[in-house]
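Me: I would like to go through this fold with you, asking about the words used for it.

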Amino acid sequence: MDIEIYYEPRTKFNKRIQPIENKIFFSRIIRNWTKDITLESIISNLDEDFEACVITLEDCSGINSHVFENIDNIVSIFESYSNINTLIINNPPKFFYDKLKQLEETIKEKNYSYPKINATQIGKVNQGFDSNIIGQTLAKKAICRKLIAQMIRPTKKPLVLMFYGNPGIGKTETAKYLSSILYTKGSLLREQMTMVGGDSSVRFFKSTSHSEDSFSKHLLNRTSNVILLDEFALAPPFFQTTFFQMFDEGIYSDQNFTVDVSNSIIICTSNLQTIQDMEKNIDNALLSRFDGFIHFTDFTDEDKMEIIDKMICEFINPKNMKKRFIDKLDRTLIRQKIEKALPQLTNVRNIRKYTEDVIADTLMDDLLND
Ligand SMILES: Nc1ncnc2c1ncn2[C@@H]1O[C@H](COP(=O)(O)OP(=O)(O)OP(=O)(O)O)[C@@H](O)[C@H]1O
Ligand SMILES: [Mg+2]
């Protein structure tokens, strides 16, 4: 039996197997398997002229591990009663991989790894930054410098960055922006670290069972090499240490999977204000593994007005608002009203709420009297 293993996102694997004719999915073969199934009925499923059997991680999720423990029996059934001569496997869990290794000495293995980002991409990040992220020019410069450092680095180690500063000033938005520019076809992998703590998180990050959702599965299937660990400092230290190897070597390993995250950009965010605060809250050994600490600065009045103007355009816009409402609103007046509250408006979230309120107020009298 030829065995081919592809550690790669499901989307890539799907494209790979699409042109293969005469393939059958393992899930289809075993759909009707029960404890007391007879050999005849298994074989009757193999009647057609299949030559390749495709096994995916999803197949593995729904299946009790004893099926994979018995892969040697399954392979001998294939060999004796069907034309299946190749197993094509996507992201097998470790215990299954070990079984396969016992079965065949030579296995074709392919590990997808994301390439390094290049100078053109960094140029694009720099170019579009200010029009997407307002008031963070210093952060932009620091990020670009770190991207260049990663580009010239002789190793494939991930670039590990901490974005810190007050809420609602663009940390998460910047991670999304970077991913959208660097991996135009993919989407950012985002894990909320505030949720981390209980039993379910242990299972999620250590992947104790191959059939459950896990961080390693998310990593395996990621379509962008920007990985966001949001609110990192709020995760208990026990979890933070889980990331040592990932930060150091670009490998994330749990009980079921070993994932290659080389050349990735790992972004952790935090509301802590200073590096000293971080030293108090984050495991110091882990902290020393960060390549850079990027401070996001509070908005100046100019920044705030730029955000307000953008927001007014977004709200009072024929795309989002009926013409009869637009006709009742005076943009200059609304702008002036919001400007009066400028000192209290410290982040994009409260600017948005306040803008909404001011517009609603202006419309209210009119609407309620209609
Ligand atoms: N500097 C900015 N320029 C443009 N939009 C911004 C900026 N900062 C925040 N926003 C907008 O405000 C919202 C919240 O921003 P974001 O999620 O980036 O905040 P954050 O800094 O990550 O806050 P927190 O620490 O609470 O997670 C987003 O919808 C984003 O589009
Ligand atoms: Mg955030």
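Me: What makes S2 and strand S3 (residues 52-55) count as joined?

Reply: Two strands pair if DSSP finds at least two bridges between them, and here three bridges join S2 to S3, which run parallel; strands are DSSP runs of E of at least two residues, as helices are runs of H or I of at least four, both numbered from the N terminus. Within this pair, Phe-25 stands opposite Val-54 in S3. The model is a predicted one, in which local features need pLDDT of at least 70 and side-chain atom pairs count only at pLDDT 80 or more, while totals for chains, interfaces and linings use all residues. Residues are numbered from 1 along each chain as its sequence is written, and side-chain values use heavy atoms, without hydrogens and water.

Me: Why is helix H6 called oblique to H7?

Reply: The axes of H6 (residues 71-81) and H7 come within 10 Å and cross at roughly 50°, where axes are lines fitted to C-alpha atoms, for helices over the stretch in contact, and angles run from 0 to 180 degrees between N-to-C directions. Angles under 35 degrees count as roughly parallel, over 145 as roughly antiparallel, 65 to 115 as roughly perpendicular and the rest as oblique, so H6 is oblique to H7.

Me: Which residues make the contact between H6 and H7?

Reply: Contact means heavy atoms within 4.5 Å, and the residues concerned are Ile-71, Asp-72 and Val-75 of H6 with Phe-96, Lys-99, Leu-100 and Leu-103 of H7.

Definitions and conventions:
Chains lettered and ligands numbered in written order.
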